[in-house]
Each structure stands twice: as structure tokens, then as C-alpha cells.
Amino acid sequence: STDAPIHIQNEISPSPSPSPSPSHPPSPSSSPLDDESQEMGVVGTTYSSDGRYFIEGYCEDSSLPMDVGNPIIGMRIVEVNSKKTVWNMDFQLRKVEFIWSPNCRYVSIFYAVRPWGHALIVDTLTMTEEELPGIVELEPMFPDAPPKNILFYPKSIPQYWLDDCRIRVAFSWLSDITYSGDDINGFYTYNVDTGEFVIEEDNMDELKIDLAAD
């Protein structure tokens with residue numbers, strides 16, 4: 001834990017990731033599933049680097065762009081060769097982002113519905129998921145911050161994998177319901193094998209990303 005809250009004023013421009021994820025095969029414009037599945041629009045199709053799986057969000061209507069009238073209604077992992085859906089989560093969403101681990105066992109998911117954004121990891125060996133630490137786990141490490149609730153736009157957003165089991169995650173929430181722009185935010189490293197996470201105290205000037213759930 002940190003000795004004092006980390007307060008960072010406003011957003012700071014992103015910096016390049018020092019450890020980029022492995023390259024993925026080109027994503028198709030639509031999901032390579034059967035004809036019935038083709039009736040639904042898809043979002044963010046992302047392949048594992050070994051080509052075994054892809055993950056995507058899917059919408060109700062492929063004839064319309066993804067928006068409030070045609071939201072993402074779920075996420076799925078599909079085995080490429082069999083076209084079989086091996087993991088699925090039904091949830092009405094505004095935004096999804098996926099990052100595969102270097103060994104292709106894990107995939108991180110950022111999913112957002114305003115005003116919050118959560119993150120989870122899916123283990124393709126067991127096809128189970130676990131939530132990454134969010135405001136509930138992080139807030140006790142910032143004892144001087146005022147109490148929070150969902151109106152403070154909490155978000156945890158995976159950035160990139162450091163290795164096969166450790167992932168870097170950005171977090172943020174508003175420290176003032178008046179939206180003054182004074183956020184509490186930073187990065188932590190999460191270890192999938194141990195379930196432990198460590199908040200970074202260095203390189204905080206990297207912050208960073210678009211924290212809005214567009």
C-alpha cells in the first residue's frame with residue numbers, strides 16, 4: 001500500500017508501452033461464425049497470437065453501427081477451427097477492449113457502461129473469469145480521499161501484459177462529485193497466478209489514457 005494518496009491533476013498524454021503485446025492476425029470486419037451469428041454486429045474482434053481463439057463483443061443488429069440504439073449485448077470467446085463458442089457473458093455494454101497474454105492462456109477484458117468501467121481476466125484453460133481489483137479494493141489505500149460511490153466514475157483499465165501472468169492496469173475515479181478534474185488515479189500490477197496486486201509509485205507521469213467510457 002501507499003503512504004499517502006496519489007493525486008494527479010487532469011489527464012496526461014499517453015506514452016508508448018514499453019512491452020507491447022504480441023501481434024495478432026488481422027481482425028475480420030465480421031465474426032467468422034455461422035450464418036445465424038452473422039446477423040449480429042461484432043465489436044473488437046481480437047485473436048490470440050497462436051490463432052486458436054478470438055474474442056469479441058457482439059451487438060443486436062449488424063446493419064446498424066454500435067451505439068445506444070444498438071448496444072453490445074455480450075462478449076464471447078470462440079475456438080477458431082471449430083467455430084464453437086467456449087466462453088460467453090451476456091451484458092449490455094457501451095465499450096469493450098481485449099488484450100491476450102503472451103502465452104495466450106489469459107485474455108483481459110475492459111467493459112464499460114457509464115458511469116463505470118470494470119476489468120476481468122478469462123483463463124482459457126478453465127474458461128473461468130475473475131474480476132481485477134477495482135475501487136472496493138483500491139480505496140482503502142487512499143485514506144485521505146472522500147467516500148465514493150458509483151457516481152464517481154470508477155474505472156480499472158488493463159494496459160498491457162508484462163509477462164505470461166502479470167498485467168499492468170490503470171485505475172481512476174473522481175475525487176470530487178463537482179467534477180473539478182482532480183482525479184485519484186494511477187497504475188497497479190496484477191499477478192494472475194497469486195491474485196496479488198501492487199500499486200506503482202514510479203512513472204506516474206505516464207498517465208495516460210482516455211478514461212471516458214465512450
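Trainee: Is L125 buried or exposed?
Mentor: This is a predicted model, in which local features need pLDDT of at least 70 and side-chain atom pairs count only at pLDDT 80 or more, while totals for chains, interfaces and linings use all residues. A residue is called buried under 20% relative accessible area, exposed over 50% and partly exposed in between, with a 1.4 Å probe and protein chains only. Since the relative accessible area of L125 is 64%, L125 is exposed.

Trainee: In which part of the chain does L125 have its place?
Mentor: Residues are numbered from 1 along each chain as its sequence is written, and side-chain values use heavy atoms, with hydrogens and water left out. Helices (H or I, at least four residues) and strands (E, at least two) are DSSP runs that are numbered from the N terminus. Strand β9 covers residues 128–131, and L125 is found in the loop between β8 and β9.

Trainee: How far apart in space are L125 and C104, C-alpha to C-alpha?
Mentor: Along the sequence, L125 and C104 are 21 residues apart. In space, the distance from C-alpha to C-alpha is 9.8 Å.

Trainee: How many helices and strands does the protein have, and what is the order of its elements?
Mentor: The protein has 1 helix and 13 strands. Read from the N terminus on, its elements follow the order β-β-β-β-β-β-β-β-β-α-β-β-β-β.

Trainee: How many disulfides are found in the whole structure?
Mentor: A disulfide is counted when two cysteine sulfur atoms lie within 2.5 Å. C59 counts as buried because its relative accessibility is 3%, and C165 counts as buried because its relative accessibility is 18%. As for disulfides, the number found by a search of the whole structure is 0.

Trainee: Is the aromatic pair of Y47 and F54 stacked or tilted?
Mentor: Rings of Phe, Tyr and Trp (its six-membered ring) pair if their centres lie within 6.5 Å, and planes under 30 degrees apart count as stacked, over 60 as edge-to-face and the rest as tilted. The structure holds 6 aromatic pairs. The centres of the Y47 and F54 rings are 5.4 Å apart and their planes stand at 50°, so this pair is tilted.

Trainee: How many residues apart are F171 and Y188, which form a pair?
Mentor: The rings of F171 and Y188 are stacked, at 6.2 Å centre to centre and with 25° between the planes. The pair joins distant parts of the chain, as F171 belongs to strand β11 and Y188 to strand β12, and their separation in residues is 17.

Trainee: Which residues form one aromatic cluster?
Mentor: F171 is buried because its relative accessible area is 0%, and Y188 is buried because its relative accessible area is 0%. Both belong to one aromatic cluster, whose members are F171, W173, Y188 and F197.

Trainee: Over the ring of which residue does the charged end of R168 sit?
Mentor: A charge sits over a ring if NZ of Lys or CZ of Arg is within 6 Å of the ring centre and within 35 degrees of the ring normal. The charged end of R168 is 3.8 Å from the centre of such a ring, and that ring belongs to F187.

Trainee: In which strand does N185 lie?
Mentor: N185 counts as buried because its relative accessibility is 3%. N185 and P154 are 31 residues apart in sequence, and their C-alpha atoms are 9.5 Å apart in space. The strand that holds N185 spans residues 182–191 and is β12.
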